[in-house]
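Here are my notes on the aromatic contacts. Please read them beside the model.

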Amino acid sequence: MAWKESVVVDMGAFSMKYGLSCNGAEPPATVPSLVGAGGDGTPYIGGHLNTARKGGLLVDVLAPAMRGWGEGDGAVKLLAYACEQLEKMTYDQPIMLTVPPCIPRDAMEAAVQMLFETFNVPAAYLLPAPIAALHAAGKHEGIALDVGEGATHASPVTGGAVCRYAVQREAVGGAAVTDYVAGLLAGAAGPHAGSLTREHAVQLKEQAVAASMSYGSAVSGQGLADIPGRPAGDKTVQLPLPDGKDLPVSLGKGHLLAAEMLFRPALPPHSHPDRLPVQQVLWNAIDALPVETARELSQSVVVCGGTSLMEGFADRLQSEVYGLTAAHTKPAKLVFTRDRAGLVWRGAALTASLPQFTDDELWITKARYNEEGPMVVH
């Protein structure tokens, strides 16, 4: 059967991006990857989540992508929301769903089972996020360095497949930076601390936190001079309070130290010796490859993930990676696209638009699923 378009969903740890494959050149719709639960069991997603939060209707908020496909029905509710927004309630289009690079076999089966048995889709495909990121950057082989919300992944891709043996994962990402900012915010807000939520910390992080060119300049608070175009001095952010007023907050040099969670997590003020920095995650992936393969793939390192959009991040990462790789092999070449937060979705949309996906050649069809069951995904 010929498919003119398909539903493409990238359920990240921070946000879910969804749209139609025929609109791959346009920005996808985005909602937080959160499902709020009301006291009566009513789910709240997107704008409804904010309304319910303000109205005091929530008893719990879950992040399904952080917990895993097989736990709870949060992922089902998020996907149902995407289909409703796309007016695909009849589920008459195939769905392409992006998945993490080393998703467990049982989670893969749970995802495909959800698509066919809950949504009754005619066809489905699970696309590894690293492959999607590379496709969006115009590459078929390389290394996807995904600096996301809950973790950083470095995933080598060659021959159209992820080199699972070399994939590296570390629990450093946007959430860890937000945790640090939230601690600073609690101290800076004074009597207003009880009125602030994690969303305020996220806003403060996105508007004020920046990466300096070195750990030393972050500690000294002089790192702003290293960031092209950034005015000297700390940035004050106006945070909205429940009473309608704004609370001005500045973090001092904390807005530079927060980013060190990504580059120097073992050093103060973070002091997490068990966590590896982003640049080391990438190097470990390169080092796990055969020498010739490493030399080739390290020349196409595609950086993605919303956390990589942090001000100063690209320059700092370039410097850190050069220092690590130049002494061992050819310096790695990093590729920074503009839409790094939406790169995986865009790559999946482009993939779903390929000639091989306009018919049943690569899709897992409903007929195949009925014959083989969830194991068909492997």
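Which residues form one aromatic cluster? Y125, F357 and W363 do.

1. Basis. This is a predicted model: local features need pLDDT of at least 70, side-chain atom pairs count only at pLDDT 80 or more, and totals for chains, interfaces and linings use all residues. Residues are numbered from 1 along each chain as its sequence is written, and side-chain values use heavy atoms, with hydrogens and water left out.

2. Pair count. Searching the whole structure gives six aromatic pairs. Rings of Phe, Tyr and Trp (its six-membered ring) pair if their centres lie within 6.5 Å; planes under 30 degrees apart are stacked, over 60 edge-to-face, and the rest tilted.

3. The stacked pair. F116 and Y369 are stacked, at 4.7 Å centre to centre with 15° between the planes. F116 sits in helix α4 (residues 105–118) and Y369 in helix α15 (residues 366–372), so the pair ties together parts 253 residues apart in sequence. Helices (H or I, at least four residues) and strands (E, at least two) are DSSP runs, numbered from the N terminus.

4. Burial of that pair. F116 is buried, at 1% relative accessible area. Y369 is buried too, at 4%. Buried means under 20% relative accessible area, exposed over 50%, partly exposed in between (1.4 Å probe, protein chains only).

5. Y125 is in strand β8 (residues 123–128). W363 is in the loop between α14 (343–352) and β17 (364–365), 238 residues apart from Y125.

6. W363 is buried, at 0% relative accessibility, whereas Y125 is partly exposed, at 24%.
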